[in-house]
Amino acid sequence: MSAAPAVTVQHLDKRYGRLVAVDDVCLSIHEGEIFGIIGPNGAGKTTTVECISGLRAPDSGSISVYGLSPQKDRNRIREFVGVQLQESALPPRLKVGEAVRLFASFYKDALDPDQLLESLGIKQFDNSSFKSLSGGQKQRVSIALALVGNPKLAILDELTTGLDPEARREIWSLIERMRDRGVTVILVTHFMDEAERLCDRLALINHGTVAALDTPEAIAARAGGSRVRFVPSQPVDEQTLRAIPGVNEIERKEKYVTVTGTGDLAGALMNALAAIGVRVSEVEARTGNLEDAFIKLTKNDASSFGKGVQE
Amino acid sequence: MSGSRLDESTSRRSRRQFAELLRVQGKLALREPYALLGGVALPAILLAVFGFIGQVQPGNVGTTRLTIIDLWTPTILVVSFILISVSLPNTLVRDREIGWLRRISTTPLHPSRLLAAQLVIDLILAAAAVLIVILEGALVFGASLHMQILPFAVSLLLSIAELFALGLVLVALVPTQTVASAAGGVVTFALMFLSGLWVNPAQVGDPLRTIMYYSPSGAAVRAVLDSAFNGGPSYAALLTMAVYTVIFGFVAIRYFRWE
């Protein structure tokens, strides 16, 4: 990983009329990482990457892509930035091989189209028209078009929306292989499992601002923490539980006690309860995941919009 | 690397890109043959129909020494250009609507090159239609061929420029494929009527005759007809087409959207 970031975004603002789409977003993306941008629908994710790719002009703020400005150095940036757009199709009767070869002809230093199709597992569709492909095959063609120029930076927007689980997993391993080849990847997604599995670092964008920026694990731990649910052999009072290190919240429902907190919560609980002679049964422990964090970090504003998200 | 070598390699690459685009757009034009069927096949069939009518009813039309096929050839050529130009929105509006033009604009290639490639393909189709109709008329039905080449060519080129520009106005203004095919239908019908395909402008009274003469398709037919048989084109018709080309070109450029 080199010292200079591949992409820096500073104080990016973008409005559409009176709607503020992006409000003071700052990001820095390292070379060779998979950088995820997550957030609710309409949070400003797509607008942010469209500004990075030069498709949209920011109202204010500055963007640098490998030291170049997407606005001023448009032509040079296009040579090494591959973009996979949300909801973009090919002419229905265009054949897969024709499309990839056409795009290869646009670039100075393109990959070999046949090898690329082979590595994406769509060589057998070389001669098939785009409209005859399934959703997963179309996505792979779309990825092929983003990669055929041999980009240093690939921007992939809503990559696996509408795909079945198997196709999603295949696309994921493909993205990992891209990173292994040294390509910097910006991945826009609203699937938490996708972000957790693929991304080295994440920015959570909500209402046009960066709500969190860290590794998926750190974001999950920070906002989610762990959760342990158990049935005690005899009632345990609140104070005893509160005294256990790491415990934040206690919830009781019927015979179950649910404790949320941080650190090695399950271990600390078991030891402390055993010491006072309480046995536990039906233990269910879960470490906080990104989805919990996502809901926690986005819910405050959501409830102010009149549609509160239940935890 | 010196500047000139860089320029040279850039221009070579740009030619290679355009050649590849032409190849792909050409193949698509064969697979989605709106322009091919309407612009080339239909005129050839229309000419055959008028040719056979001419053989059943030979002789002069009115006081001219011209046969039915002579008189209809210009109209058929203009109909070909109309059908090719209204096929422009079929492909380009679709390409814009599905995000293909936007996708192209993320590559080093500007989407205007795709538009240019499409126009070149359509120009080739128009040229093919002219050749087929003239040769079919002359060889099969014995239509007159003693036109003056230069005025005839100028009339044809202006007709094509004016009607293609009108097609691009449609591409610029209509938002979706559905609207494009509806608008295309209306425009086709209006242009065909004004060209005199159903009613000959010489046989209707004013103001309809004036409207037809100074309409885009009517002026085109008049210019081609005059340059083919009356020794030279009507300058009024040529000027009319030039003005339409400028106006349509301006509107198309002013309102064109890539996404």
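This is a predicted model: local features need pLDDT of at least 70, side-chain atom pairs count only at pLDDT 80 or more; totals for chains, interfaces and linings use all residues.

Colleague: Is A:Ser129 buried or exposed?

Modeller: Buried means under 20% relative accessible area, exposed over 50%, partly exposed in between (1.4 Å probe, protein chains only). A:Ser129 has a relative accessible area of 17%, so A:Ser129 is buried.

Colleague: Which residues does A:Ser129 touch, and where is A:Ser129 found?

Modeller: A:Ser129 sits in the loop between helix H4 (113-119) and helix H5 (135-147) of chain A. Helices (H or I, at least four residues) and strands (E, at least two) are DSSP runs, numbered from the N terminus. A contact means heavy atoms within 4.5 Å. Not counting residues up to four places away in sequence, A:Ser129 touches A:Pro92, A:Arg93, A:Leu94 and A:Lys95.

Colleague: How many residues of H5(A) are buried, and what do they pack against?

Modeller: H5(A) is mostly covered, with 11 of its 13 residues buried. Among them are A:Gly136, A:Arg140 and A:Leu147. Their packing partners are strand E5 (81-84), helix H3 (96-106), H4, strand E6 (153-157) and helix H6 (165-180) of chain A, together with helix H4 (100-104) of chain B.

Colleague: Which residues have the most contacts inside the largest nonpolar core?

Modeller: A nonpolar core is a set of buried Ala, Val, Leu, Ile, Met, Phe, Trp, Tyr and Cys residues joined through side-chain atoms within 4.5 Å. The largest has 115 residues, and those with the most contacts inside it are A:Ile175 and B:Trp100. H3(B) gives the most to this core, with 13 residues.

Colleague: Which residues does B:Trp100 touch?

Modeller: Residues up to four places away in sequence are not counted. From chain B, B:Trp100 touches B:Asp95 and B:Leu114. From chain A, B:Trp100 touches A:Ala89, A:Leu90, A:Pro91, A:Leu94, A:Leu102, A:Phe103 and A:Leu145.

Colleague: How many residues does the second, separate core have?

Modeller: That core includes A:Val25, A:Ala43, A:Ile52 and A:Phe80. Its size is 30 residues.

Colleague: How many residues of H9(B) are buried, and what covers them?

Modeller: Of its 14 residues, 12 are buried. Just after H9(B), B:Gly231 takes a positive phi of about 85°. The cover includes helix H3 (68-97), helix H6 (149-173), helix H7 (177-195), helix H8 (208-213) and helix H10 (235-255) of chain B.

Colleague: How far apart in space are A:Ala221 and A:Ala293?

Modeller: A:Ala221 is in helix H8 (residues 216-223) of chain A. A:Ala221 has a relative accessible area of 43%, so A:Ala221 is partly exposed. A:Ala221 and A:Ala293 are 72 residues apart in sequence, and their C-alpha to C-alpha separation in space is 7.8 Å.

Colleague: What share of the residues of chain A count as buried?

Modeller: Chain A has 11 helices and 13 strands. Of its 311 residues, the share that count as buried is 49%.

How values were computed. Residues are numbered from 1 along each chain as its sequence is written. Chains are lettered from A and ligands numbered from 1 in the order in which they are written. Side-chain values use heavy atoms; hydrogens and water are left out.
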